[in-house]
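Let's take a friendly walk through this model, starting where two chains touch and ending inside one of them.

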Amino acid sequence: MDIPYTVEIRRDTGLTNGKIGIWLFLASEVMLFGALFASYILIRTGAPSWPHGSTILNVPLATFNTIVLIGSSVTMVMAWASLMRKDFGKFRLYMGATILLGFVFLIVKYFEYSAKFEHHLYPSTNNFLAIYFTLTGLHMLHVAGGMAVNAYFWGPGAKQWKTNPVWFTNRVEHSGLFWHFVDLVWIFLFPTLYLL
Amino acid sequence: MSQPGAVAAPTSHAAHEAHHEALGFWRAYVFSVDHKVIGIQYGITGLLFLFFGFSLMMLMRWNLAYPGEAVPLIGNLLGERLPGGTMPPEFYNELGAMHGTIMVFLGVVPLAVGGFGNFVLPLQIGAPDMAFPRLNMLSYWSFFLGGVTMLLSFFVPGGAAQSGWTSYAPLSIIASSGQTWWLIGMVFLITSSLLGAINFITTTIQLRAKGLTFMRFPFFVWAQFVTSFLLLLAFPPLEAAAVMQLMDRVAGTSFFLPSGLVVSGQVVQNAGGGNPLLWQHLFWFLAHPEVYVLILPAMGIVAEVIANNTRKPLWGYRSMVYSLIFLGFMSFIVWAHHMFMTGMGTAMAAFFQTTTMIISIPSVVILTALIISLWGGSIRFNTPMLFALGFLPMFGIGGLTGLPLGLNVSDIPLHDTYYVIGHFHYVVAPGTIFALFAGVYYWFPKATGRKMNETLGKIHFLGSFVCMNVVFMPMFWLGMAGVSRRLYDGGAAYDFAQPVLHLNVVSSWGAWIMALFQLPFIFNFFWSIWKGEKVGDNPWDATTIEWAAPSPPPHGNFAHVPVAHRGPYEYSVPGAARDFVPQHEA
């Protein structure tokens with residue numbers, strides 16, 4: 001039995017099921033990170049002193065990472081656009097680049113984290129580091145999750161391009177929406193933690 | 001928002017109904033993606049957890065009625081947890097925390113949303129299944145893992161969580177390892193709810209039958225729809241809070257630990273600077289909408305049963321729907337009325353008590369509309385209707401006793417007393433759980449093709465109705481006498497409580513006798529699956545679309561794709577041949 005409106009659009013709503021699903025999921029994600037940002041504000045305003053992010057964290061590395069993530073969002077759009085133009089080879093290329101840039105982000109983050117640990121800066125050291133590790137850690141989990149989904153569409157999931165190209169393109173678009181969201185979270189995280 | 005090469009015309013799914021692949025046992029009954037099987041899995045697991053949570057409470061009630069005396073029957077079975085058969089305070093605290101957690105997150109919500117939502121909602125909107133069947137299966141198994149984690153936590157060193165279902169910091173952070181299990185269990189349960197909520201909303205919007213506009217929805221569909229938005233948007237902040245509490249416990253952070261915290265005469269070595277009230281804000285930001293997650297599906301079930309058994313349309317259907325939406329929205333801005341005692345200041349208290357008074361209006365509108373719906377009807381007093389009728393005054397008592405708690409000034413003496421326990425149990429136990437029983441009796445024929453026994457059902461109802469009041473009514477007196485909740489001896493250590501302590505005994509016996517009245521239900525439930533009276537597809541002469549499907553509905557649900565031609569409750573239409581005109585009949 002097939003579920004209607006997975007591929008074709010329902011005329012009166014103008015949407016497929018997956019499109020509604022991913023936006024609802026992103027709404028819940030906004031509430032998740034929103035709660036963490038709100039907690040950050042509450043703890044910071046209640047603190048007698050709060051370190052300037054740039055005195056503890058490595059701003060140049062994070063700037064580089066910001067550029068990497070924004071770049072990966074661009075390649076993600078290109079991957080989807082390639083499918084729209086029925087160019088599967090280009091899709092493989094751009095999707096591969098997206099995943100690769102995700103790896104670069106995680107590797108840079110690994111060096112940032114280990115530099116902190118070397119200087120004996122842990123989540124338990126103070127609340128600035130606590131919120132830093134919690135927010136960036138949760139964000140890294142999202143990056144890894146997005147990469148896993150993208151890797152699936154790059155690899156085994158790509159079989160669907162032969163059997164149901166429209167559905168496959170939709171799924172890549174939904175995965176892209178999530179990837180842009182993860183990018184957007186970082187764009188809020190970067191100034192909040194590193195610059196303010 | 002463009003769709004590549006999309007076909008704009010909705011295709012009929014009639015073509016897909018003919019073939020049914022034969023599935024093996026595991027795919028058909030265990031790892032099933034069929035919404036009906038998942039609904040029944042959720043329902044039965046939820047009922048089992050309700051029974052387990054009730055059993056924990058029956059144990060607690062022993063120590064409240066007879067503090068310090070050896071627990072009879074099972075006191076010796078629990079070994080070293082109950083030295084000499086008597087209950088130590090730590091064990092009572094485990095029971096208390098886990099009773100609340102299990103009843104709310106593993107009993108009522110899974111049964112009301114996961115069970116009835118999954119089984120009934122797609123049928124009522126004429127859909128072949130949920131929009132994302134595999135996500136649906138994942139939702140159930142995530143819930144299941146959460147439940148297993150909670151149950152296993154009883155066996156870790158130090159026992160299960162002991163900080164109440166609210167897990168207030170800093171107590172919960174310095175608690176034994178059971179609390180970590182509680183947090184991990186909650187993450188599973190939250191994930192399950194999120195997946196379910198996404199599925200319900202998408203299904204309702206996308207898969208409703210042709211002609212089924214939003215204002216033609218049965219009230220139950222509306223209730224589930226609004227509930228799903230509450231789950232979707234209120235649960236993530238608790239997930240964030242659970243992550244932070246986990247960090248506090250595991251990574252040694254101080255999100256919820258203030259500077260200079262002293263525990264057992266020793267200063268806790270931590271960075272400090274955290275805010276214990278932050279936990280309360282994040283917790284109640286979920287937990288107040290959660291109250292409406294508990295009650296809205298119940299209202300939906302009651303509305304269905306009442307319309308069907310009064311043989312009349314619901315009175316004020318549109319007002320009820322608008323109230324429901326308003327209620328859902330308002331439930332996000334009342335949370336701090338749980339926190340008047342934290343010294344939040346008069347400006348904040350004034351804001352939250354105002355929103356709290358405002359939110360009582362739509363609740364009253366819905367309840368009033370349901371009561372007026374009874375007016376002039378030729379009521380059929382079958383078992384589902386009795387439970388639905390029982391819901392009305394019980395939820396009324398629960399709601400009205402909540403008003404003094406919503407007002408800052410009268411909340412302060414009543415806060416954290418048995419009055420609060422009485423209030424919310426009236427809402428949830430004889431309120432929501434009665435509605436859930438009504439739903440079980442009402443939709444049982446759809447799930448099995450057989451009716452449950454009416455005589456046993458009436459015994460179940462009358463016994464439960466009387467006992468519920470015996471259990472919870474005395475709590476108002478206990479509370480107004482000033483007896484605090486969460487005392488493991490029920491207040492026996494306090495002089496001022498002595499004149500009302502006998503009420504604890506009344507309450508306890510009410511609970512134990514109520515357990516006996518659940519036996520007819522348990523027997524009836526299993527007996528009727530195989531031996532109940534066989535009935536047709538529409539035994540209640542109901543109008544909504546789920547009754548157009550065969551009982552039990554096959555994979556894919558409907559023999560013909562249903563089309564909605566009219567509103568949901570066209571009962572006793574003048575000039576019609578019968579006293580009901582189904583939505584799906586042209």
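## The interface

Across the interface, 39 residues of chain A are in contact with 47 residues of chain B (contact means C-beta atoms, placed from the backbone, within 7 Å). This is a predicted model, in which local features need pLDDT of at least 70 and side-chain atom pairs count only at pLDDT 80 or more, while totals for chains, interfaces and linings use all residues. Residues are numbered from 1 along each chain as its sequence is written, with chains lettered from A and ligands numbered from 1 in the order in which they are written.

On the side of chain A that touches chain B, α1 (17–46), α5 (127–154) and α7 (165–195) of chain A each supply at least two residues. The most come from α1(A), with 15 residues.

## A helix pair across the chains

α1(A) packs with helix α6 (residues 219–250) of chain B at an angle of about 45 degrees, their axes 8 Å apart.

## Inside chain B

Helix α4 (residues 133–152) of chain B has 20 residues and reaches 29 Å from its first C-alpha to its last, close to the 28 Å expected at 1.5 Å a residue (1.5 Å times one less than the number of residues). What covers the buried residues of α4(B) includes α2 (35–65), α3 (89–124) and α5 (178–206) of chain B.

Key
Contact = placed C-beta atoms within 7 Å. Helix = DSSP H or I, 4+ residues; strand = E, 2+ residues; numbered from the N terminus. Axes fitted to C-alpha atoms, helices over the stretch in contact; angles between N-to-C directions.
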